[in-house]
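Here is a short note to read with the structure open. Please take the points in order.

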Amino acid sequence: MIYTVTFNPSLDYIVRMDKFTAGAINRVNYEQVLAGGKGINVSIVLKNLGHESTALGFLAGFTGEEIKDQLKGFGVKSDFVQLEKGFSRINVKAKADCETEINGQGPDISEAKREELFAQLDKLQEGDTLVLAGSIPKTLPDDIYQKIMARLDGKGIRIVVDAEKNLLLNVLQYHPFLIKPNNHELGDMFGVKLTTDEEIITYAKKLQEKGAQNVLISMAGDGAILLTAEGKSYKCPAPKGKLINSVGAGDSMVAGFITGYMESEGDFEKAFHMGVATGSASAFSENLATRPEVEALLKTIA
Ligand SMILES: Nc1ncnc2c1ncn2[C@@H]1O[C@H](COP(=O)(O)OP(=O)(O)O)[C@@H](O)[C@H]1O
Ligand SMILES: O=P(O)(O)OC[C@H]1O[C@](O)(COP(=O)(O)O)[C@@H](O)[C@@H]1O
């Protein structure tokens with residue numbers, strides 16, 4: 001069984017306008033409200049690709065209700081811990097000549113509510129896959145993913161982590177099966193700007209030295225690089241297409257990789273190609289990738 005955890009789910013308010021001017025009234029010509037947050041996006045894309053998962057995490061308020069309803073609409077199973085105060089955040093994605101994102105901070109999560117999630121995770125079994133993805137509300141300590149991995153250590157659960165900076169660095173000692181920073185996040189972790197593939201591979205290897213098994217580095221329109229635990233490396237350019245909405249492309253890549261890995265019974269190159277095709281299929285679409293869109297792009301890669 002696959003479980004995704006989103007500590008800080010969101011409603012993504014996606015708007016388009018011809019021009020965005022800071023400090024002025026901007027009127028939009030397109031708007032959409034989508035359930036989001038990294039683990040949630042992974043669950044939606046897994047479902048689109050034909051795989052069941054259960055979305056876990058925390059929801060609050062009227063926005064939380066909408067997120068739950070949208071997931072139901074997608075046919076995604078969920079079992080969120082309900083918070084009594086506050087509301088799940090709203091993340092604004094403003095697309096004009098350039099993209100501006102304003103991500104909310106999210107509700108407080110008490111110790112007792114955290115324990116409720118931990119109790120759910122204690123029920124995971126050998127062979128399960130767990131995706132820990134996205135930021136955490138400011139009120140939580142940034143060793144929370146580490147605490148979860150320590151708790152599940154040795155149980156034979158395949159853990160995938162998609163998070164930034166310390167949240168990710170802190171878990172490496174527990175040997176996550178897969179991590180997926182993008183090239184900018186990888187550079188930020190080491191305080192450097194990475195420009196060439198060689199530099200990216202050098203720093204991705206440092207994450208392996210710190211304990212990560214397989215490291216997938218996404219590079220938006222430049223495709224991706226995979227370093228496997230067995231010491232192999234793969235590079236794949238992104239398929240050609242028109243960029244429409246890159247929100248959720250990284251999450252889609254994670255879902256595609258897991259799908260490719262399961263369907264090929266552990267072939268990393270196939271998983272990698274499926275990941276790239278799924279990321280790009282989402283980037284080339286208003287909504288998250290569907291299976292036919294992914295299959296069409298996969299033919300251009302593999
Ligand atoms: N402009 C684009 N053109 C083609 N593919 C894209 C584009 N942006 C993203 N992708 C695909 O989605 C994957 C993940 O995108 P990226 O933006 O690197 O992730 P994140 O959203 O985590 O920053 C890329 O490796 C690529 O396969
Ligand atoms: O948890 P974070 O890092 O604030 O990111 C949340 C945002 O990331 C997304 O999950 C999209 O992520 P990606 O574009 O990296 O795939 C949005 O749905 C959401 O608004």
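1. Start with terms. Helices (H or I, at least four residues) and strands (E, at least two) are DSSP runs, numbered from the N terminus. A residue is near a molecule or strand if its C-beta atom, placed from the backbone, lies within 6 Å of it.

2. This is a predicted model, where local features need pLDDT of at least 70, side-chain atom pairs count only at pLDDT 80 or more, and totals for chains, interfaces and linings use all residues. Residues are numbered from 1 along each chain as its sequence is written, while chains are lettered from A and ligands numbered from 1 in the order in which they are written.

3. UniProt, in an unreviewed entry, places "domain: Carbohydrate kinase PfkB" at residues 14-289. Such annotations may be inferred rather than shown by experiment; positions follow the numbering used here, and feature names are shortened. The span 14-289 is 37% helix and 20% strand. Its end C-alpha atoms lie 17 Å apart.

4. Look at ligand 1. It has 17 residues around it, and the closest are Ser218, Gly221, Ala238, Gly250 and Gly279. Helices H8 (249-263) and H9 (268-283) each supply at least two shell residues. H9 gives the most, with four.

5. Now ligand 2. Its shell has 16 residues, with Gly36, Asn91, Gly134, Ser135 and Gly250 nearest. Strand E2 (10-16), helix H1 (38-48) and H8 each supply at least two. H8 gives the most, with three.
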